[in-house]
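Hi,

Here is the structure I said I would pass on. Have a look at it first, and my notes follow below.

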Amino acid sequence: MDQNSEYRQELLQEYKQTAMPFLRYLPWFESHAGRPGGNYYKGPEFTENTMSFPVYDSTLLQFVREASKSSLMDRNYPYVYTRYRIKTPEDERRVIEAVELKDWDILRAILSKYVLGGMTKGTLWSQAVEENIFYLVLKQMQKIIEYWDRPLELK
């Protein structure tokens, strides 16, 4: 029993160290819930033959940049989506709500889908902000850490 406790504490410390830098984004994601994280720039001479391109909030870009370089990224996230039959944002929210310490990889997979996928499909970053996915993943990580450790002191 003591080995399980020791192992859980090691895991928890690793998860805490990985997640802590991103929890500072929680207030921003909470305040932007339901709104896209950017818009489309069309330019002053926009016509029907002109292509618009996405312009993102600098906070969102900073989050994505940091997250993409972290150990939270899981390039095999499609496997988790298939295994848990996650297809829609509603499914994602349902699964996020049920995640416990042992399911940490599910949170990583959902985060990875939006961060890594958004690098080739630009609308995913905005969708994650609008659908509140980034916020819910980070909040669930915080809840797990605080449940097994102690309340975090966020700046």
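Glu66 and Arg24 form a salt bridge, with their closest N and O atoms 2.7 Å apart. This pair ties together distant parts of the chain, since Glu66 sits in helix 3 (residues 58–68) and Arg24 in the loop between helix 1 (2–23) and helix 2 (26–31), 42 residues apart. Arg24 is partly exposed, at 48% relative accessibility. Keep in mind that this is a predicted model.

There are eight salt bridges in the structure. Another one joins Glu92 to Lys113, at 3.2 Å between the closest N and O atoms. That pair also links distant parts of the chain, with Glu92 in helix 5 and Lys113 in helix 6, 21 residues apart. Glu92 and Lys113 are both buried.

Arg108 is buried at 17% relative accessibility, while Asp105 is partly exposed at 42%.

Now for helix 5 (residues 89–98): which of its residues are buried? They are Pro89, Asp91, Glu92, Val95 and Ile96. These cover an arc of only 150 degrees around the axis, so they lie on the same side of helix 5. On the other side, Glu97 and Ala98 are exposed. The cover over the buried residues includes helix 4 (77–83), helix 6 (104–117), helix 7 (123–130) and helix 8 (133–148).

Cheers

Note on methods. Residues are numbered from 1 along each chain as its sequence is written. This is a predicted model: local features need pLDDT of at least 70, side-chain atom pairs count only at pLDDT 80 or more; totals for chains, interfaces and linings use all residues. Side-chain values use heavy atoms; hydrogens and water are left out. Buried means under 20% relative accessible area, exposed over 50%, partly exposed in between (1.4 Å probe, protein chains only). Helices (H or I, at least four residues) and strands (E, at least two) are DSSP runs, numbered from the N terminus. The arc is that of the directions from the helix axis to the C-beta atoms. Contact means heavy atoms within 4.5 Å. A salt bridge is a side-chain nitrogen of Lys or Arg within 4 Å of a carboxyl oxygen of Asp or Glu.
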